[in-house]
Amino acid sequence: MKFSPDAKVFTVEIGGQPIVSFEAINTREANELVKEAWFHHDLKRLTSKSVALWDGVSAIRSRPASEQEAERYSQFAAEAAEESGDILLAFLIDLDAPMSAP
């Protein structure tokens, strides 16, 4: 995956815990992600240690990524498939395996 030359890495925190990093052009664009309905839906559906990433109530905010978070994002992006136009989310926590359909 190729980085956009103008993009910076941001991290989403939920209740103060870093959850996921991604690229955005600026802080305004990064803040838009935390307002997206699809993102909220995914955060409620995905789990780590059998607990949903977001309870629908805790504060969600974006901030510039730390050096370590940006490095993890960079490593993840380097291993990702070719750019598809979708936002690349590099989770900073271990996600549970998705449940298979009955």
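Mentor: Buried means under 20% relative accessible area, exposed over 50%, and partly exposed in between, with a 1.4 Å probe and protein chains only. This is a predicted model, in which local features need pLDDT of at least 70, side-chain atom pairs count only at pLDDT 80 or more, and totals for chains, interfaces and linings use all residues. Residues are numbered from 1 along each chain as its sequence is written, and side-chain values use heavy atoms, without hydrogens and water.

Trainee: Which residues of α3 are buried?

Mentor: Glu69, Tyr73 and Ala77 are the buried residues of α3. They cover an arc of only 75° around the axis, so they lie on the same side of α3; the arc is that of the directions from the helix axis to the C-beta atoms.

Trainee: Why do residues three or four places apart point the same way?

Mentor: Because an α-helix has 3.6 residues a turn.

Trainee: And which exposed residues are on the face turned away from the buried side of α3?

Mentor: That face carries Glu67, Gln68, Ala78 and Glu79.

Trainee: What covers the buried residues of α3?

Mentor: The cover includes β1 (8–14), β2 (17–24), β5 (60–64) and β6 (90–91).

Trainee: Changing topic, how many helices and strands are in the chain?

Mentor: The chain has three helices and six strands, in the pattern β-β-α-α-β-β-β-α-β along the sequence. Helices (H or I, at least four residues) and strands (E, at least two) are DSSP runs, numbered from the N terminus.

Trainee: What share of the chain is buried?

Mentor: Buried residues account for 33% of the 102 residues.

Key. Contact means heavy atoms within 4.5 Å.
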